[in-house]
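Hi,

Here is the structure I said I would pass on to you. Have a look at it first, and then read on for what turned up.

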Amino acid sequence: MSKVNNEFQLIGRAFIENTIIDCSILIEGEKIKKVSKLEQTNVKTIRFSDQFLIIPSAIDLHVHFRDWGQSHKENIKSASMAALAGGVTTALDMPNTIPPINSLELIKKRIEDFKNKSLIDYGIHSKPVKVEELREARKYIFGFKFYEEDLSIIPEYISNVKHDRLVFHAQFGQDEQSAVKFVLDHTFNCENIRFAHISRKASLDLINSSRLEGRKIFVEATPHHVFLSMKDLERKPTGYSTVRPPLAEREDNIALIEAINTGKVDFIATDHAPHSFEEKLSENPPPGYPSLEIYVSLFLTFSKRGLFNLVKVMECLCSNPARYLGIRKGEIREDYYADLTVVDVRSSYIVDSSKFVSLSKFSPFEGWELSFKPVMTILRGNVMYLNGDFQDKNHKPKQIAELG
Ligand SMILES: [Zn+2]
């Protein structure tokens, strides 16, 4: 399929404008040219039976692509392949790499690596950089990410970045709630703040009170904090429950589920944090899980089982992150980028992390029975993934800023 003059239609059931309808989606070049109930004639056609559903591809705002000093855990190419296999075509990278991304020089190096290695569209976060480098850094990054070790500089530093997109890992030791309060108290004048991986009911309550005072605050939730409590994994080796913030109680899971269903969570983000299987089973396991390949199917499966409102889940996976990034993705709509994923709604599969495309063969969802596995993933009109095979010839990943 050539990239120039690329024109074809997908015919089948699709999630469009918050409902599922039979339609034809005509793709021309990188964009969706027409969405119609009538089939187009004289155009290459890919037809799906009602065993399949066409959805907008997901956008993951929180991915640790690793690489550099941790390329045995994951690299930019392997993480982007895992994303495509999971129905994700756009993702933001996190800067706690080795070395950490905290200078203009490393920001430029990271962008160069994404250009050369990524199969999906991307943006990068940087840790706070020297004030002298801020102006130039903004040309390359999507936003600044503050980790626990960066929270202490907030009072003196924050006025330099009040117009920037800011992301906070809110944790003081094991305590999320105090860190959330600290961030809320010091970011009154900031235009765009987002809390990564909120995991506690108490934190949600604090954020919702601030929202009632008129503040706009974005919130991410992860699959593990939504579905798993500490108790669920207590019989497993420690690595299964090692994550930051730590897993919580069932009432926190329930609060997150309710927050997704009522629009209080803006984004479902994986916090894809790959480590080798040996590291996760070691005596001192590092925190995090690789969930890029399963989270879309996980949330769609549990929407079908009645735990979630499907429309809200699709907003959190697709359209909310697209709007937050300011890109025409995340919805199946004319003149939007043709970023589409076809999922198998009928067949079920068992999560088997040994078969992950990710280099990190580990999952706390091991053995879960899911459906809605992606069979085809299209990025800007290019079929990049089809039933386990990847196509990366002639593909040029784009940075968020290039997707305007
Ligand atoms: Zn993270």
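Before the packing makes sense, one cut-off: two residues are in contact if their C-beta atoms, placed from the backbone, lie within 7 Å. Please also keep in mind that this is a predicted model.

First, the whole chain. It holds eleven helices and 19 strands. The radius of gyration is 20 Å, close to the 22 Å that the globule rule gives for 404 residues, so the chain is as compact as a globular protein of that length. Along the principal axes, the C-alpha atoms fill a box of roughly 65 × 50 × 45 Å. Of the 404 residues, 49% count as buried. Among contacts with a separation of 6 or more, 70% come from residues 24 or more positions apart.

Now to helix H8, residues 250-261. At 1.5 Å a residue, its twelve residues should span 16 Å, and the end C-alpha atoms are 17 Å apart, which agrees.

Which residues of H8 are buried? They are Asp252, Asn253, Ala255, Leu256, Ala259 and Ile260. These cover an arc of only 160° around the axis, which puts them on the same side of H8.

As for partners, the buried residues of H8 pack against helix H6 (201-212), strand E12 (217-221), helix H7 (223-227) and helix H11 (310-325). After H8 comes Gly263, with a positive phi near 80°.

Best wishes

Key:
Residues are numbered from 1 along each chain as its sequence is written. This is a predicted model: local features need pLDDT of at least 70, side-chain atom pairs count only at pLDDT 80 or more; totals for chains, interfaces and linings use all residues. Helices (H or I, at least four residues) and strands (E, at least two) are DSSP runs, numbered from the N terminus. The expected span of a helix is 1.5 Å times one less than its number of residues. A residue is buried if 20 or more other C-beta atoms lie within 10 Å of its own, exposed if 12 or fewer, and partly exposed in between; C-beta atoms are placed from the backbone. The arc is that of the directions from the helix axis to the C-beta atoms. The radius of gyration is taken over C-alpha atoms; the globule rule is 2.2 Å times the number of residues to the power 0.38.
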